[in-house]
Amino acid sequence: MGRAAQRGRGAARRPGRASKAVVVGRTAAVFGSVTVLGVAGVSWYGVQQLTSGVLSSNALAVSGQNAPPKLDNSENILLIGLDSRKNNDGSNLPGWFVQDELHAGSSSDVGGYNTNSLILLHIPADGSAKVQAVSIPRDDYVMTYNGDGSEQGMHKVKEAYGLAKAAAMPGLEAKGLTGAALEQASREVGREATLTTVQKFLNVHIDHFAEVNLIGFYDIAQAIGPVTVCLNHATSDPAEDGQGSGANFHAGLNVLQTPAEALSFVRQRHNLTNTDGDGGDFARTHRQQAYITSAETQLKKGGVLSDLTKLQGLLNVVKKDVVIDNQWSILDFAQQAPNLTGGKVTFNTLPITGLPTVDIPGEGMQSVNSVSVPQVQRTVTALFADAPAPSSAPKAGASSAPASATTVDVLNASAPTGSAGVESAALVAAGYTKGLVGDHAPVSSTEILYGAGEQAAAQQIASKVGVGAPQASSAVAAGHVEVILASDFTPPAAGSASSGAGSTPSPASTAHLVFQGPAVNGGGSGIPCVD
């Protein structure tokens, strides 16, 4: 038995630096939330045990008012890892954890309330395809929003939560809230901001979310026990002078016996290959994705997900470390839980375009990830494209007319020559009526406009083309949708149908898939090998 197991959570002492907190925060939500999902299929009693003590949130009710429409019965679940040195009631995390385990200093305010892990799981409506997951790099420099849709300004995506929480504090205090009530109310505002920011950034509808606090990863890793991981190369990252993770692993399979070793594996960012100048941030993200996949595989092989007795310790951890939305029916989700096992989840990391340094008001010069929002949205749309469930019914007010009743005009503003013709042919192949094909004055990004009665068709076309939300326009004739192609548009292969709801990924869709580094998937063994 390892020293940590013999002496309790506070026993294992690991040299390191404050960045452990950041890494643990990223990983906590992912692993904790996947655990929640896997637990869902156990039994009614197990579900009751899971949900009865879990904190629930109403944040989706606010953020949902600013969300893109839900197009089918697939499920998008956001997993949030919160980097905070405080418990859910506002009390400080134990000193043994912050100082001895994280080596993160003595201040409980270090780290703030950044969402250092944001992973979106997409579960297809019919269960026929593999689950896809995308990691949002924490330093993506984007417009962040409050829960009501008002703009916070350009910030790192991870900061939306903390900015909203801090701004809400004076008003909540003026209402007489203090202590745990103040902490929980202000965190609700933070969750609303994170949900709205992610929905607007990715142009997706979020159906559910789970949030895990900083200590969650450590607790869950200890409850799970040894996890086998795989590395493409031997690696060593000695902990010296407050630097390094203490990692020391050989090529091939490694068994992480303790939470300390698990932390070393997921937090290593030095002496790695393929860092692309990012200081190892993305390589570390792939490590975290690999650990989640391997840990889930270990749970399944050990029979934990089907044995309530074995599951009790894990359930207790989940209860105190996880916040889930109050609209989440675990019983309804149980039938989909098998899609999350056996290496069926593929993790991808969303792309960036550079690593500039920018001057952020109130924060000074910061290194950020520059991103192309249209590129990110096209990638997510193409990756998440799957057929609606047979029972899907049209939304109230939505047109139920067949695609052929909608005339689509395709205009080239600044896309490659011939793009309008190729895209028009692709949409006709998908069942729409050919309209005008021609040129348009320059626009900054590809956009879709629609006339009276064509909102539903425009949403479907936006999904196929891989762009943001369409806009109503009085300049577009009733019964028409207008597609205006800009330089950010990647045309499909000539003669192929556009990808989107109801189609299998084709050359048209794969052209939209751009990721940061390789995908992580367990494959047949359930244990992916990473750098």
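Tutor: Contact means heavy atoms within 4.5 Å. This is a predicted model, in which local features need pLDDT of at least 70, side-chain atom pairs count only at pLDDT 80 or more, and totals for chains, interfaces and linings use all residues. Residues are numbered from 1 along each chain as its sequence is written, and side-chain values use heavy atoms, with hydrogens and water left out.

Student: Which residues is Q459 in contact with, leaving aside its neighbours within four places in sequence?

Tutor: Q459 is in contact with P69, L71 and P470. Q459 itself lies in helix α15, residues 455–465; helices (H or I, at least four residues) and strands (E, at least two) are DSSP runs, numbered from the N terminus.

Student: Why is Q459 called buried?

Tutor: Buried means under 20% relative accessible area, exposed over 50%, and partly exposed in between (1.4 Å probe, protein chains only). Q459 has 13% relative accessibility and therefore counts as buried.

Student: What makes the pair C230 and C529 a disulfide?

Tutor: A disulfide is a pair of cysteine sulfur atoms within 2.5 Å. The S to S distance of C230 and C529 is 1.8 Å, and a disulfide joins them. The pair links distant parts of the chain, 299 residues apart: C230 is in strand β8 (residues 227–231) and C529 in strand β21 (residues 529–530). The link is right-handed, with 75 degrees about the S-S bond.

Student: Why is C529 called partly exposed, and why does C230 count as buried?

Tutor: C529 has a relative accessible area of 42%, so C529 is partly exposed. C230 has 6% relative accessibility and therefore counts as buried.
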